[in-house]
Amino acid sequence: MTILSRSSVMGVRGLQGFVASTCPHVCTVVNLKELAERHRSKHPSCMPTIVVDAMCCLRYWYTPESWVCGGQWREYFSALREFVKTFAAVGIKLIFFFDGMVEQDKRDVWVKRRLKNNREIAKIFNYIKSHRKQPGRNMFFIPSGLAIFTRFALKTLGQETLCSLQEADYEVASYGLQNNCLGILGEDTDYLIYDTCPYFSISELCLDTLDTIMLCRQKLCESLDLELADLPLLACLLGNDIVPDGVFESFRYKCLSSYTSVKENFDKKGNTISAVAHHIAKVLRLHQGEKKLEEMLPLGPNKALFYKGVTSYLLPGQTSPWIFQKLKGIATLHKQVVPMSSDPESKQEIPVCADPESKQEIPVCTDPDSNQESPMCIDPVSNQEVPVCTDPEIKPEDPMNLEPEIKQQVTMVSETEILKIARMRHVQGESYLVYNILTSGEIECSNTLEDALDQALPSQAFVYRPMRQRVYSLLLGRGQGGTPSLNLLWLNQELGTQALRMDTLLACFDLLSSREELQAVEMPFQALCCLLTYLFVQVDTLCLEDLHAFIAQALCLQGKSAVQLEALQLDCVDPRAVQLGALLVRGLTMVVLANSVCGCPLRVGDFMPWNVFDGKLFHEKYLQSEKGCAAEVLVEQNRSRLTTFHSLKSVVCKACLREDRHIVSRQQWRPHHSGRWERQGPGSHRTSSGYSRAGQGQHWRNQGPGKRAPGPPPPTTVLCGSCLLPTQVRCLQVNKQEAGSTSLSGGKDTRPPLGSSSVFLTAVHMQTGLGSGRLEARRDG
């Protein structure tokens with residue numbers, strides 16, 4: 001039996017391996033169909049429900065053989081449909097939870113994962129360059145945007161998907177407990193610590209039989225001579241996503257030394273988990289209830305962090321015997337905010353938090369249709385409602401009196417109705433990043449397959465930065481500077497508003513001058529043409545052959561099934577094509593963001609990747625186009641496709657010409673000494689309204705990690721997938737080192753206006769967008 005976690009550092013340090021090697025009886029083979037039948041007999045009015053931690057399941061769900069080319073999205077959609085159908089056939093309801101944000105106290109762990117991902121990506125490209133083929137599954141890296149598009153795929157399949165307002169594991173555990181669920185399906189050892197419904201392993205699931213492994217926390221406690229209530233303490237002493245493992249390293253060593261000295265024939269290397277559990281059971285328990293925990297443990301300056309870690313495992317209504325004195329304040333109650341249901345009419349019990357002075361339970365707002373702007377508790381000092389505090393920097397003098405300075409949660413906008421709508425759409429998984437930007441000015445997105453050593457293509461984050469800045473202007477500009485207000489875009493139903501929404505979307509991509517041609521494009525290619533035009537305006541190193549490949553694959557995809565795409569074989573794998581596939585898919589996520597912000601002028605299905613992009617198919621067309629194959633060959637001798645091919649190509653080329661961007665064949669280029677391909681003649685790098693392109697003769701990435709670009713830094717802190725500098729350090733580098741010709745000063749973007757229409761009269765005002773110290777970050781999935 002092998003139990004695989006979604007990450008080697010996910011959950012409690014070392015617990016996964018310990019269970020597999022030392023106490024395998026914790027793992028029991030179960031059949032979910034049989035469990036559902038028993039549940040149904042005990043609760044005839046309640047449909048057996050499994051809560052799915054979707055982020056843990058992405059690798060399990062992605063079964064297509066090819067993954068390096070940008071994603072086999074039609075095959076992936078087919079696999080998801082089969083997964084859902086299998087559970088529905090046995091009467092099991094699935095509720096899917098997705099991570100909605102990274103909590104600040106888990107940011108360090110998140111940073112380490114991004115750094116690890118970058119090293120893995122570098123190895124992947126080294127392999128491709130050496131072998132001209134895809135690496136084995138042991139180097140598997142999920143395609144860009146997989147988590148985002150999985151949400152929309154599941155919704156398309158009629159499934160209930162919820163996006164968390166914090167780390168998803170707590171909300172998953174809370175939902176499972178409060179709704180009497182059959183169990184939790186995931187791969188995170190934290191689910192062994194929470195006192196909630198049973199925990200099933202997704203990695204051990206056999207979909208044909210619905211057999212899997214149930215990890216029993218009661219059996220784990222028996223093996224360690226602990227109580228269920230001891231597990232949160234054990235988790236924090238071992239190290240988890242909140243408490244770094246280095247905090248108690250010396251303490252664990254002392255436990256191990258003491259433990260091995262009293263054990264005969266004990267492995268001299270010992271077992272840290274057994275040793276720490278033994279210390280809890282035989283030493284700490286002697287004074288439980290008599291001494292404060294910090295009197296028995298070397299907490300030092302980490303008192304507040306430690307108690308926050310312990311209480312992070314306490315679900316609504318639960319307490320810990322290790323915290324015998326009531327914790328004041330609300331710093332440790334932020335975990336009690338759970339979107340229990342996306343149904344505003346739900347009659348489920350509302351989670352509560354306790355006022356330490358009045359000892360009364362106070363409802364915490366979880367209803368998306370609530371009139372409250374944010375989760376609320378009562379400030380015991382002022383007796384006023386305040387948002388639940390999530391500040392990770394609290395440092396109270398007495399860890400048993402955790403009453404930090406209570407600060408109003410800073411939101412980037414103040415309109416109650418807008419925040420309520422954004423929150424509802426966020427929780428229901430209908431938008432992407434919008435609520436995060438409105439409430440905190442923070443966004444996260446994944447590492448992606450791009451070669452940091454390739455000087456010929458810019459960073460994906462850098463390419464899409466002008467578009468993101470226009471979106472920030474819409475979300476945070478309060479309708480100033482010529483931008484339409486969110487009230488108008490989201491709530492207005494008057495005639496003509498839909499046209500305004502579409503114009504606003506085009507303005508986000510700086511394409512208003514080509515409005516008529518782009519709006520005339522047939523579905524589902526309209527969004528794709530907008531994206532391709534934006535890309536070719538932004539990136540001078542894209543050539544005519546690239547455009548041919550992008551268009552041809554989208555056209556040929558329409559007539560191919562998942563089975564046909566699975567059978568497609570490639571002669572070789574080209575590293576540049578790998579990057580271009582990831583670049584386009586990343587762009588589709590940006591279309592999701594812009595479309596959500598603009599009031600959804602485009603149908604969501606028209607830019608879902610399973611309808612417009614296939615990685616292997618694009619790779620095949622790219623290789624053919626590079627060899628000089630004619631358009632007839634690219635569209636597989638289909639006359640109807642050929643007509644559409646030339647039509648779409650004409651739209652993109654004409655739109656680019658309006659921006660003084662001439663798309664030419666690679667044959668008209670010459671190799672530059674730096675390894676970058678440049679068009680012959682003067683002005684090989686343009687500096688017009690694209691803004692993201694480098695200035696004359698300047699490389700895309702002219703700085704090493706940690707170095708600043710010339711001139712004043714922007715007022716945003718950019719935490720990126722490659723340099724990952726500390727959050728307090730200002731950085732212009734994102735993923736492939738975001739460097740370019742932007743000139744930022746005084747907290748404002750000083751470049752020219754973003755569009756020719758009155759929709760955008762000014763560039764993004766960065767100070768009102770992402771304030772100083774905020775993050776534009778990158779995140780897994």
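**Close-up views of a predicted model**

**Figure 1. Contacts of Phe 536 in the predicted model.** Leaving aside residues up to four places away in sequence, Phe 536 touches Leu 542, Cys 543, Asp 546, Leu 547, Phe 550, Cys 656, Arg 661 and Ile 663. Phe 536 itself belongs to helix α21, which spans residues 526–538. The relative accessible area of Phe 536 is 0%, so this residue is classed as buried. One of the residues touched is Asp 546; Phe 536 and Asp 546 are ten residues apart along the chain, and their C-alpha atoms are separated by 9.5 Å.

**Figure 2. Helix α3 and the elements that pack against its buried residues.** Helix α3 comprises residues 54–61 and is mostly covered, with six of its eight residues buried. These buried residues are Ala 54, Met 55, Cys 56, Cys 57, Leu 58 and Trp 61. Packing against them are the strands β2 (49–53), β3 (93–98) and β5 (183–186), together with the helices α4 (73–89) and α6 (146–156).

**Figure 3. The crossing of helices α4 and α6.** Two packed helices are described by the angle between their axes and the distance between the axes. In this pair, the axes of α4 and α6 come within 10 Å and cross at roughly 50°. Helix α4 is therefore oblique to α6. The crossing of these two helices, α4 and α6, is right-handed. On the α4 side, the contact is made by Trp 73, Tyr 76, Phe 77, Leu 80 and Val 84. The α6 side contributes Leu 146, Phe 149, Thr 150, Ala 153, Leu 154 and Thr 156. Both helices also pack against the buried residues of α3.

Figure 4. Where pLDDT is low, the predicted coordinates should not be read in detail.

Figure 5. Of its 781 residues, 61% are buried. Among contacts with a separation of 6 or more, 73% are between residues 24 or more positions apart. The accessible surface of the chain comes to about 30200 Å², and carbon and sulfur atoms account for 50% of that surface.

Notes. Residues numbered from 1 in each chain as written. Predicted model: local features only at pLDDT ≥ 70, side-chain atom pairs only at ≥ 80, totals over all residues. Heavy atoms only, no water. Helix = DSSP H or I, 4+ residues; strand = E, 2+ residues; numbered from the N terminus. Buried < 20%, exposed > 50% of the residue type's maximum accessible area, 1.4 Å probe, protein only. Contact = heavy atoms within 4.5 Å. Areas by Shrake-Rupley, 256 points an atom, 1.4 Å probe, with all protein chains shown as cover. Axes fitted to C-alpha atoms, helices over the stretch in contact; angles between N-to-C directions. Parallel < 35°, antiparallel > 145°, perpendicular 65-115°, else oblique. Left-handed = near helix turned anticlockwise from the far one by under 90°.
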